[in-house]
Amino acid sequence: MNRFECKSRLNIPYYDVALPPEAAIMIREDLEWTSPGGMAKKVMAAYPTVTSAQVHKAWTTMSKTLWKRDPEQLPSIKVLLKEYRDEVDMLEITAAEGIEQVAWVMKKIAEPLRGKIVEIGIDATCKNWIYLKISPADQT
């Protein structure tokens, strides 16, 4: 079989896909005041090679320092709510068997509604569905 010397070559340039340290600093500085989507726009405008997925992951990882108090969700939220006891009231609600739940109200929102709203519900499992049940006297 005849053979021919191949004169081709393949160059694979290295491209660093890591989040630039300056972008991480931008995320950390505005962590408390922005959403991942809003932050992604800002970072990507300054660093076009950064993806929204990179910003979202960095934001999510960094934001845990703001609210995570325990590796487990329920103990974590209970500790956090106790830290904000001047702003929230935790509610004692009996959960159905096999269900774990935490309920609270924000005092600044709940106080003006006292006597007007009978029930407020938020279902976090259903795209933040909210309902209000207004007392009959206040339905006009």
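1. Helices α1 and α2 are roughly antiparallel to each other (the term is for angles over 145 degrees). Their axes lie 10 Å apart at an angle of about 150°, where axes are lines fitted to C-alpha atoms over the stretch in contact and angles run from 0 to 180 degrees between N-to-C directions. α1 covers residues 21-29 and α2 residues 36-46; helices are DSSP runs of H or I with at least four residues, numbered from the N terminus.

2. The model is predicted: local features need pLDDT of at least 70, side-chain atom pairs count only at pLDDT 80 or more, and totals for chains, interfaces and linings use all residues. Residues are numbered from 1 along each chain as its sequence is written, and side-chain values use heavy atoms, with hydrogens and water left out.

3. On the α1 side, A23, M26 and I27 make the contact with M39, K42, V43 and A46 of α2 (contact means heavy atoms within 4.5 Å). These residues divide into six nonpolar, no polar and one charged.

4. P36, M39, A40 and V43 are the buried residues of α2 (under 20% relative accessible area, 1.4 Å probe, protein chains only). Seen down the helix axis, they fall within an arc of 105°, so they line one face of α2; the arc is that of the directions from the axis to the C-beta atoms. They pack against α1 and α3 (52-67). K41 and A45, on the other side of α2, are exposed (over 50%).

5. The axes of α1 and α3 cross at roughly 50° and come within 10 Å. A24, I27 and R28 of α1 meet V55, A58, W59 and M62 of α3.

Methods. Helix = DSSP H or I, 4+ residues; strand = E, 2+ residues; numbered from the N terminus. Parallel < 35°, antiparallel > 145°, perpendicular 65-115°, else oblique. Nonpolar A, V, L, I, M, F, W, Y, C, P; charged D, E, K, R; others polar.
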